[in-house]
Amino acid sequence: MKASVLVIFAQLAIVLSRQTEDYGAHILEHVRPRASEAIQQQAAMEVIARILPQQQAQRFLVRIDSSMERNSFHVFKDEETTDSSVVEITASSGVAATKAFYHYLRYWCRVLVAWEGTQLNLPQELPSANVSITAPSSIIYYQNVCTWSYSFTWWSWPQWRKHIDWMALQGITLSLAPFQEDLWTEVYLAYNLTRAEIDDHLAGPGFFAWQRMGNIRGWGGPLTARFSHFAHTLQVRVVSEMRRLGMAVALPAFAGHLPVQFRPLFPNVTFTNVSVWNNFPPQYASPLFVDPTEQLFAEIGTRFLQRAIATYGTDHVYFSDPFNEINPALPSGRYLSSVAEAIYSTMTQVDPDAIWLLQGWMFVKNPFWSDRAIRAFLSAVPLGRMLVLDLQSEQYPQYVRTESYAGQPFIWCMLSNFGGTLGMLGSVENVHRGIREARSNASYTLLGTGITPEGINQNYALYEFALEMGWNADLDSTEQWFSDYAQARYGNSSVASLKKAQKAWDIFRSTVYAFEGLELMRGKYTFNRRPSSKLKPWVWYNVSTFNQGVELLLSFAEDSPCNGLCQYDIVDATRQCLQNTADALYLTLMDSFKKRDLRHFRQHSALFLQLLTDLDQLLLTDEHFLLGSWLESAKAFGETNLERHKYEYNARIQITLWGPQGQIVDYANKQWAGMVQDFFYARWRVFLAELDQALVSNGTINDLKIRDKIFRTVELPFVSDRKRYSTQPKGDAIRTARVLYERWTKGVPPLKELPLSPTRRKRSQSLRFWTAFRCSPSVSGHPANRPRCPMLINTPAAWPTDLDMLSDVGARCSSIASARASSENPSPMR
C-alpha cells in the first residue's frame, strides 16, 4: 500500500514538474519573430543608421541567427582581427540585435538614448568587447492600455518612428496595437446602427482607453472619420515596423462592451448596463455589457477579431479586459468560469492558437475578487493559453496571492506612473528585489518582465533600469547601475565633476526613488491639486538630503558642459525642490489661518503664489515642460476650426477636469509652463483670497463653496479657452534653476516640516464598502507582505454574496481594500 502511494506521488511530481516546464510552451511558440532573418537584419541596421551618424553606423555589422537561444546576442570587437574597427553583432532576432547594439553603446561607450534626448559622444576608437548575453526573461513587455491616451494620443509617424527605435534599443519583444475604432464602426454598421448612434458611443481621442474598457461612452467625441482613418493608417505602419524588428504585437479582442442602442435590436439577449464609473453623468456613462455566455457575444467577437486579423495580421496574442474597475454581474464561481471560457472560446473560434493577454489590475484592491473567484475565472482558460500582466508588481504584486495566477504564465511589470503626471517618484529597490526573488522561485509561472506606465516622459531612469532587469541577470547593484547611468547620461566630464553628478544620482536613488509604501502615489502634490483646507502633504524621503542632490547637480552643470539631458534634469530636480517647498508653505499658511494670524497668513500666501510664478518661469526654460507643445500637437490633427477646437478641448480637459464636472479632477495633471500660471496659480489665488476674507471678517470658510467657485471661474474657462502657449523654451535653465534653488531653500522664513508618513483620515462609517488591509501579494521584502488580518467594515446588505467563495477570506487574509467612491480619490487605473 505504501509503495503504491509513493508511486502515485512520484508520478504526480513528474506531471507537476512537466506542467511547470510547459506552462509557457504554447506562448513562446507563437510569440516570436515572424519576419525572415534578412528582414530583421535590415531593420536592425536601419535603427543603427538612424541613431548614429553614417560614418559611425558603418562600423557595426549585424547578423541574425534564429537558431540561437531566445533573446540572446553576442558582441565582438577585437584589435587583432583583420578589420579591427568593426563591431560584430550576432543575435537571435532583430530586436535582440538592436539591444546588443545599445548594450555595447551603454556599457562600453558610456552613451545614452532616452525619451527626452540622447548623449551619443562615442569615443574615437571604439573599445574592444567580447560579450554574450541571454536574457533571463523570455518576454520583455511594454505598454499600458492607457499609455495611448495619456502619451501617444497626438503622435504622428515621426514620433512613432523615434519611439519604435527606442523600443528596439531596449529589447522589447511584446507590445500593444490598441486602435480599434475603425473596426468597431464597420461592425456596428453591419448591425444597422446609424452613424449618429455610433458617434454617440465612440469617445474622443483623449479618452479612447476608457471607452474601450467600458468605463465611459462618447466622452470627448464624436470621433471624426478623418481621425479614424489617420489612426488606422498610423497603426498599420507601427505594427509593420515592430514586426520587421522581430517584436510581437497584441491585438484587441471583444470584451463585451457595446453601445446602448444594441438593447432594442436584441430584446431577448441578456444585457447589463455597466455600473456608473467615477460619477460620470448618464449621457457619458454605462455602456451595455453583453453577457459572454450569450451567443451574440461570440457572434460579435468573431466578426471583430476577423476584421482585426485581416487588417493587422496576427502574432496570436489578443488583449481583452472585460472588468477594468467594474464588476461582473454575478460572483459565483460557475458564472465567472463560464464568462472567461466564453471570452477565450470566441478568440479560438477565429484563431485556434489564440493567447489571451489579460491585465491583472482587475484583481487589485477589489473585494469582489476573492481568491476562489480569481481561481474560477483564470482556470477556465487552458493552462498556458492566458498571459497575465501583473500590472504593478513593484507596489501591488498579485502573483503570490493568486497562486501564480492559478498556474497561468505572468509578466512582472513595473507601472510606477498614473496619468502621465510629473514628480520624481520610484521604487528602485522593490523592482530590483522583486524581479530577482520572483525569478529565483521555481514555483512561480513567471515568463517575463516589463514596464506598464500609464504615461511616459518622466523618471526615465526607472524605466530603463526595469527593462535592463529583463535582460541582465547579473545586475546586482542598484548603486553601481545609477553611477554608470549618470556617466552615460552626461558624457565626458572631468573625474571631479562627474563624481558630483554620480553622487547626486545616488542621493536621488536613496530618496525620491526609494519609495516602498502602499499608499497610492498619483502625482498630485499640493500646488497641482484642487485647493482645499484639508490637504495633507507628506514625503517618503528626507527633503534636506534630496536638496543636497539638487545642489550637487547644479554645481556639476555650472562646472561642466551641460548637455540637453543635463538641462532637463536640472529643471526636473529643481521643480521637485520647489514642489516640496510649496507643500511646506501650504502647511505653514494653513497653520497661520487656523491661528487667525492674518499677518503671517498673508506673508506665506504671497510666498506661495510667488513660488508658482517662479516655477512657471523655470519650466519655461526647457522644451519638455511646455503646455503649448501638447496643445499644438492636438490642434494639428484638425483641418477645420471645429475639429481644432474639439481636439484642443480633449487635450485641455484630460489634464485638468478629466470628466465634464471634474470627475477624476487633476488625475492626469501636468507641471508644465503655462498650466502652472493659468490653471494652478489661478485656482490658488481664488482659494487664498477666500481664506484672507474669512480672516478679515472673522468668518469661516466652506471648502465646497470655494471649490464650486474655482470650478466656475477658473477650471471651466480654462478647458474651453483658446489661448496659445509657447512651444519654444525661453531663458537659461541653469541660471534660472540656481536663482530659484537659492531663493526657495535659503531665502524663505522657517516653514513647517513635511511629515515623513501620511496623516490618516478617519474613515466615514457611512461608507457602504468593504475595507481590509492588504497582506498577501508580495515577495518577502515588500511591505505588502507584512501580515495583517482583514477587517470587513459595514458590509452592505445589497452586496452580492457567495458564501462558498468568501469562506476563505479570513483564512487566507486575502487582498481586499476600500473602494471609496470619490471623484477626487479615484482608483488609480485611469
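**Spaces and helix packing**

In this predicted model, the lining of the second largest pocket draws at least two residues from each of helix H3 (37-51), strand E4 (112-114), helix H7 (157-169) and helix H24 (627-635). H7 gives the most to this lining, with 6 residues. The space in the second largest pocket comes to about 990 Å³. Its lining is made up of 34 residues, of which Trp115, Trp155, Gln159, Asn457 and His624 are the closest to the centre of the pocket. By class, the lining of the second largest pocket has 17 nonpolar, 11 polar and 6 charged residues.

H3, one of the helices that line this pocket, also packs against helix H5 (residues 94-107), at an angle of about 30 degrees and with the two axes 8 Å apart. Because of that angle, H3 is roughly parallel to H5, and the crossing of the two helices is right-handed. On the side of H3 the contact involves Gln40, Ala44, Val47, Ile48 and Ile51, which meet Gly94, Ala97, Thr98 and Phe101 in H5. The contact of H3 with H5 holds 6 nonpolar residues, 3 polar residues and no charged ones.

A second pair of helices is formed by H22 (residues 564-594) and H26 (residues 675-696), which pack at an angle of about 25 degrees with their axes 11 Å apart. H22 and H26 are therefore roughly parallel to each other, and their crossing is left-handed. Here Tyr586, Leu589, Met590 and Phe593 in H22 meet Trp684, Phe687, Leu688, Leu691, Ala694 and Leu695 in H26, a contact with 10 nonpolar residues and with no polar and no charged ones.

The structure holds 11 cavities of 30 Å³ or more, and the largest cavity has a volume of about 230 Å³. It is lined by 19 residues, and the closest to its centre are Gln180, Arg212, Met213, Ala253 and Ala255. Helix H8 (181-190) and helix H10 (208-212) are the elements that give two or more residues to this lining, with H10 giving the most, 3 residues.

The second largest cavity contains about 160 Å³ of space, and among its 14 lining residues Trp148, Phe152, Thr153, Phe179 and Ala231 are the closest to its centre.

Key. Residues are numbered from 1 along each chain as its sequence is written. This is a predicted model: local features need pLDDT of at least 70, side-chain atom pairs count only at pLDDT 80 or more; totals for chains, interfaces and linings use all residues. Side-chain values use heavy atoms; hydrogens and water are left out. On a 1 Å grid over the protein atoms alone, a cavity is a set of points where a 1.4 Å probe fits but cannot get out, and a pocket is an open set with protein on both sides within 12 Å along at least five of seven lines; lining residues have an atom within 4 Å of a point. Grid points are joined across faces, edges and corners, and a volume is the space filled by probe spheres set on the points. Helices (H or I, at least four residues) and strands (E, at least two) are DSSP runs, numbered from the N terminus. Ala, Val, Leu, Ile, Met, Phe, Trp, Tyr, Cys and Pro count as nonpolar, Asp, Glu, Lys and Arg as charged, and the others, Gly among them, as polar. Axes are lines fitted to C-alpha atoms, for helices over the stretch in contact, and angles run from 0 to 180 degrees between N-to-C directions. Angles under 35 degrees count as roughly parallel, over 145 as roughly antiparallel, 65 to 115 as roughly perpendicular and the rest as oblique. A crossing is left-handed if the near helix is turned anticlockwise from the far one by less than a right angle, and right-handed if clockwise. Contact means heavy atoms within 4.5 Å.
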